[in-house]
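Hi,

Here is the structure I promised to pass on to you. Please open it beside this email, so that you can follow along as you read.

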Amino acid sequence: MTPALEVRDLGCTLDGRPILDAVAFSASLGELVGVIGPNGAGKSTLLHALAGLLPSTGSVLVSGRPLRSLSTAHRARLMALMPQTSPWSFPFPAWDVVMMGRHPYHRSFQAETADDRRAVEEALALTGTTELSRQPVTRMSGGERQRVLFARTLAQETGILLLDEPTSSLDLSFQDRMFSVARDRAHGGRLVLAAVHDLRLAARFCHRLVLMARGRILAEGFPEDVLTSGSLREAYGVPIEVYRNPVTGSLDCYVSKMP
Amino acid sequence: MNRGRWALGGLAVALAVVMVCATAVGTVGVPLSATGGALLRALGIPNGSDPQWDAIIVLVRLPRVLGAALVGAALATAGAALQALLRNPLADAGLLGVSGGAGFGAVTAIGFGMAAQGVWWTPLFAVVGALTAAALILGLSFRAGRLSVFTVLLAGIAVSAFFGAATSLVLTFVSRDSVLHFVFWAMGSLASVRWDPLALAAGPVLAGAAGLALAGRHLNLLLLGDVEARSLGVDVVRTRLVLLVLVAVVTAGAVSVAGPVGFVGLMVPPMLRLLVGPDNRLLVPASALGGAVFLVVCDLLARVILPGQEISVGIVTALVGAPYFLFLLLRRGAQEGAP
C-alpha cells in the first residue's frame, strides 16, 4: 500500500540557515505519529514544509502524488495544519472560525451546506467548545483559542492532520482529551502527525515517534525504541532517565542531573 | 446573520429616503411633489405634476445625488475590503497611493489646460494617475511570488510622497487660476457631477464593488493571516493581488467623480462593524449602503449648511470623520490598555 505521507531527503533553509536536513520517513493512514525533540529541532518547520507552506528541497509524496503538483485548494482537502498560535485580531465568533475549516470544500460563492454545519458541530463538541461557539475568539483565553483552532482543523476533515503542539496551552484534562480525539481520528483511518513537547503525552498516545534534533531525524520507531536514555541525551544534550511509570504503565522520563 | 439582514434592509431603506430628500432639497426650493413627479417622468412614467423643475431635478440634482451615493458606496466598500486585506480595522484606500496618483493626474490635466477643453480630461487623468500609483505600489510589493502587506504599506507611503512632490512641482509652474482649480478639486466635491462622466465611472466602480462584496469569505480567511489562509486552501498571493486591484479600481473610479473625498472608507466600515460584526460577507455590502447614505447626507449638508454658499463635501466628511476617527482610536487604545 502506498503510504499516506512519504518524505524523502527533505531540506529547508530559512534566511540562509539550514533548518531541515535530509529528513526522510513515511507514515500511513491509521497512525498517530509524534514528532519530538528539543526547541529548535525543526519540528514546526517540518510540519509547515509538509503542509506546503515553506519552500523546501527533496520530495514529499501525499498518497503517492508529489506535494508540489497539488494546488493550494486540493492540498487543503488532503491535509490540514493546526499552527501553534493564531494571530486572530478580529472578533469572529468561534462558530465562524471553525466554519472556515470548510472553505476547501466550497466553490467560490457557494453557501454553507447541512454537511458543513454537521462537521462544525461535531468538531465543536469534540473539543468542548460548543458553549463557546457564539463567543468572539478575541475574548477567549489561550487554551480556549487553541481548542477552537483544533476544532477548525478537525472540521477540515482531511485524511492527514498536521498538529503543531496542539496542547501547549491546555490544562491537564484537555491535554488528555485532545490527544484522545487525535488518536480516535487515527483509528478512524486518518494519519495524525503531531509535534509534541511533552514526552509523557507522546509516549502514552502516539503509535510511533520521530525524534528530531538540529534539523535531522535521530531516531524513529515505537515509543519504547525511541525513548531511550541514549537517544534522548543525544537530542536534548542533558542526561535523561527513562522508566516505566508503575501507576500509568506508560513510559515516563526526567532530567537526571544538569551537566 | 438575521441581525445582519435587518441591518442591510434598514440601510437600503435609509438610502432610498435620504436620496429622495437630497434630490428635493437645495438652494432652489422644489416642492416634494414636483420632485417626485420629475423623477417619475425621468423613468418614463407620465404624471400631472408641474414640469418646470424637471431640468434642475434631472440634469443637476439627480446626477449629483447618484454620484454621492456611488462615490460613498465605492469608498466605503474599498475601505472595508482594504481593512481586511491589511488586517487593520483603521486602514484607508488612500494607503494604496490612489489619492496621491489621482492628484498628480488631475493637476496635470488642469495645469496643462486639458481641463478647460472638456469635462472628461480631469477624471480621465485622475484615473490614470490613481491606477499608475497603485500599480507601482503593488509591483514594488510583489516580489519572488510574495506579496507582503507590510511592503504594501511602506511602498504606499513612498509612492504617495513621490506623487505629492510631483504635484507640488507642477503647481509651482502653472497659473494662479489652475492652482485654485486644483485646490478645489483636491478638497473633493460633487458640485460638478454630470451624467456622462458619472455613467462612465459607474460601470467599473459597481463591478469592482460587487466583486469585493462577493469576496467576503475570502476576506475573512485572509484576516486569519497567511499561514492559516494557505493551509485552508486560499491562494493567498493571487487572491490578495486580485482584491487589491479591485480596491484600486473602485477607489480610482470614485476619485474620478468627486476628487479625493476623505474619511468615508476610514469611518463607515468601523462604524458598521459595531452594528453587524466583523464578518465581511455582511460588512462589505453594509459598508456599500452605509457609505452611500453617509456621503449623500454629507453632500446635502455641504449644499445647505451655509446660506447662499456651498462648501466642498470633503470638508464636511473631514469635519465629521476626523473626530469620529479619533474616538475610534482612543476607544481601541483603551481596549488594548485594559487588562
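This is a predicted model: local features need pLDDT of at least 70, side-chain atom pairs count only at pLDDT 80 or more; totals for chains, interfaces and linings use all residues.

Start with the open sheet of chain A, where six strands lie in the order β6-β7-β8-β3-β9-β10. The pairing in this sheet is mixed.

Which strands stand at the edges? They are β6 (79–82) and β10 (216–221) of chain A; each has a single partner strand, so one side of each is left without a neighbour in the sheet. On average, neighbouring strands of this sheet are turned by 15° against each other, direction ignored.

For one pair in detail, look at β3 (residues 32–36) and β8 (residues 191–195) of chain A, which run parallel and are joined by four bridges. Within this pair, A:Val33 sits opposite A:Leu193.

**Where the chains meet**

Now turn to the contact, which takes 31 residues from chain A and 23 residues from chain B. Together the two chains bury about 2,200 Å², with 61% of it on carbon and sulfur atoms.

How many salt bridges cross the interface of chain B and chain A? The rule finds two. A:Glu112 forms a salt bridge with B:Arg281, and their closest N and O atoms are 3.1 Å apart. Between the chains, 10 residue pairs are in polar contact.

On the side of chain B that touches chain A, the elements giving two or more residues are α9 (216–223) and α10 (226–231) of chain B. Of these, α9(B) gives the most, with five residues. The residues of this side divide into nine nonpolar, eight charged and six polar.

**A hairpin to finish**

Back in chain A, β11 (residues 240–244) and β12 (residues 251–255) pair in the antiparallel sense over five bridges. One bridge partner pair is A:Arg244 and A:Leu251. The hairpin has six residues between the strands, and in it A:Gly249 takes a positive phi near 80°.

Enjoy exploring!

Technical notes:
Residues are numbered from 1 along each chain as its sequence is written. Chains are lettered from A and ligands numbered from 1 in the order in which they are written. Side-chain values use heavy atoms; hydrogens and water are left out. Two strands pair if DSSP finds at least two bridges between them. Axes are lines fitted to C-alpha atoms, for helices over the stretch in contact, and angles run from 0 to 180 degrees between N-to-C directions. Contact means heavy atoms within 4.5 Å. Buried area is the accessible area (1.4 Å probe) that two parts lose on being put together, summed over both. A salt bridge is a side-chain nitrogen of Lys or Arg within 4 Å of a carboxyl oxygen of Asp or Glu. A polar contact is a pair of N or O atoms within 3.5 Å; within protein, one must be able to donate a hydrogen and the other to accept it, and residues adjacent in sequence count only if both atoms are side-chain atoms. Ala, Val, Leu, Ile, Met, Phe, Trp, Tyr, Cys and Pro count as nonpolar, Asp, Glu, Lys and Arg as charged, and the others, Gly among them, as polar.
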